[in-house]
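Here is a short briefing on one protein structure. Please keep the sequence and the 3D view open while reading.

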Amino acid sequence: MKNYEIIIAEKSDIENILSLQKSVTEKISIKEWFVPSTRAELELAFSKPESFPALKVMCENQLVAFSYIILNPDESNDISRDIEDLNNKNCCVYETVFVSPLYRGYGLQSTLISKLTDIAKQNGKDFIVATVHPNNIFSSSNFLK
């Protein structure tokens, strides 16, 4: 078993995050399963870390996984607005999660989801929403856990 470290991601990580995301995107056989974050989205997130908690997984000084949530979504990123009977004031958005193809199968996606869900709860959120392609059973099962 490899030694992993899960720590807060910072603005200085953007280039490594984009590089990892590119390698993840290139290896996905069904491209519709993953919508990459843009540089602008990441820069916005890192300009307001209190509103966009982000975590990274490091293994042997290498970035191997990344994820972040939006604690206070606005009209441009609030996917919860489409859900009837949901108190949007207590809702946040799971923006992205991705794991290096070389490190899949170690439960990293599930661990990041769990840790960011805990952060959402600590910030008074009752609901967290995410979009997952219906045929992506791997991600779907991790979110359902």
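Predicted model: local features only at pLDDT ≥ 70, side-chain atom pairs only at ≥ 80, totals over all residues.

Residues are numbered from 1 along each chain as its sequence is written, and side-chain values use heavy atoms, without hydrogens and water.

**Nonpolar cores**

- The largest nonpolar core has 22 residues. Such a core is a set of buried Ala, Val, Leu, Ile, Met, Phe, Trp, Tyr and Cys residues joined through side-chain atoms within 4.5 Å.
- Ile17, Leu42, Phe46, Ala54, Phe66, Tyr68 and Phe98 touch the most other members.
- At least two residues of this core come from each of helix 1 (14–27), helix 2 (39–47), strand 2 (54–59), strand 3 (62–70) and strand 4 (91–99). Helices (H or I, at least four residues) and strands (E, at least two) are DSSP runs, numbered from the N terminus.
- Helix 1 gives the largest share, 5 residues.

**Contacts of Phe98**

- Neighbours within four places in sequence aside, Phe98 is in contact (heavy atoms within 4.5 Å) with Ile17, Leu20, Gln21, Val24, Phe34, Val64, Ala65 and Phe66.

**Loop between strand 2 and strand 3**

- Glu60 lies in this loop. Its phi is positive, near 55°, and Glu60 is not a glycine.
- Glu60 counts as exposed because its relative accessibility is 65%. The classes are buried under 20% relative accessible area, exposed over 50%, and partly exposed in between (1.4 Å probe, protein chains only).
- Asn61 lies in the loop too. Asn61 has a positive phi of about 60°, though not a glycine.
- With a relative accessible area of 77%, Asn61 is exposed.
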